[in-house]
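I opened this entry to keep track of what I looked up in one chain. Short notes follow, in the order I took them.

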Amino acid sequence: MAQAQASSTSSGSSAGGPGRLIGVGLVLVSVVLLALGAYLGPYAYATSTPGKLTVETCTVDYKHRSSSSSSSRKRTKTRWCYGTFTANDGSVKDLNAELRSDSLHQRGEVIEALKTGETSYQQDSGWVGSIAVGCAWWFGALIPLALGLLSTATGFAFGGASDFNRAKQAMGHGLLNTFVTLIAVGVIGVALSFLVMFFA
């Protein structure tokens, strides 16, 4: 009997091995997403140069993509504006600046812009927009974190219904509540962050 229990425990732990490795990987992914959120959001805004782009011309770039599931072709539309970028402090002036725009502007219009790299620019959506970008990544990080905690604690390896049922039996009430809460907060947070980014 003891031998049967030992063999059952041994087989259960070996079955959970891959799941726990996957779980650790997912937790690491969530840490990377948190770091990306800080870098692409508040850090990028704080280290960029604010200024204004005086529009010379704007164009629309159309790209066609074929859908793999059907023969239909989807068309994406990107608006670009070109002109002179002048930093607010006068430290930078670029006569050939270009940035993606949310709309087509007339010649002579002024767009609040950020110089984010040697030749890269983007529209300035302020601290609110940059924090919303960071929050989108941070809330998104909660989803792999929740899945990682589930896999690490139960050995769930995304192996189908039987694997899920085994993980469900091993899952305590506290872990279930944590898992559901993290997923819900992550999904709602990402949606709200995108709404703020859209209206910022």
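Which residues of α4 are buried? I count a residue as buried under 20% relative accessible area, exposed over 50% and partly exposed in between (1.4 Å probe, protein chains only). By that cut-off, the buried residues of α4 are F179, L182, G186, G189, V190 and S193.

**Ground rules.** I am working with a predicted model, in which local features need pLDDT of at least 70, side-chain atom pairs count only at pLDDT 80 or more, and totals for chains, interfaces and linings use all residues. I number residues from 1 along each chain as its sequence is written, and side-chain values use heavy atoms, with hydrogens and water left out.

**Confidence.** I checked pLDDT, the predictor's confidence in each residue, from 0 to 100. The chain averages 85, and 86% of the residues score at least 70. Strand β4 (residues 110-115) has the highest confidence, at 95. Helix α3 (residues 161-170) has the lowest, at a mean of 75. I also noted residues 1-15, where pLDDT stays under 50. The model has three contacts beyond four places in sequence for that stretch; contact means heavy atoms within 4.5 Å.

**Layout.** I took helices (H or I, at least four residues) and strands (E, at least two) as DSSP runs, numbered from the N terminus. The chain has four helices and five strands. From the N terminus on, I read the order as α-β-β-β-β-β-α-α-α. Of the 200 residues, 30% count as buried. Among contacts with a separation of 6 or more, 63% are between residues 24 or more positions apart. I put the accessible surface at about 12400 Å², 62% of it on carbon and sulfur atoms. That area comes from the Shrake-Rupley method with a 1.4 Å probe; for residues, only the protein chains shown count as cover.

**Helices α4 and α2.** I compared helix lengths with the expected span, 1.5 Å times one less than the number of residues. Helix α4 (residues 173-199) has 27 residues and reaches 39 Å from its first C-alpha to its last, close to the expected 39 Å. What covers its buried residues includes α2. After α2 comes G155, with a positive phi near 85°.

**S130.** I found S130 in helix α2 (residues 126-154). S130 is buried, at 7% relative accessible area. Leaving aside neighbours within four places in sequence, S130 is in contact with G41, P42, Y45 and S125.

**I22.** I moved on to helix α1 (residues 2-47), which holds I22. I22 counts as partly exposed, at 34% relative accessibility. Beyond four places in sequence, I22 is in contact with A157 and F158.

**Disulfide.** How many disulfides are there? I used a pair of cysteine sulfur atoms within 2.5 Å as the rule, and the count comes to one. C58 is joined to C81, S to S 2.0 Å. The link of C58 and C81 is right-handed, with 100° about the S-S bond. C58 lies in strand β1 (residues 49-66) and C81 in strand β2 (residues 73-87), so the pair ties together parts 23 residues apart in sequence. C58 counts as buried at 17% relative accessibility. C81 counts as buried at 0%.
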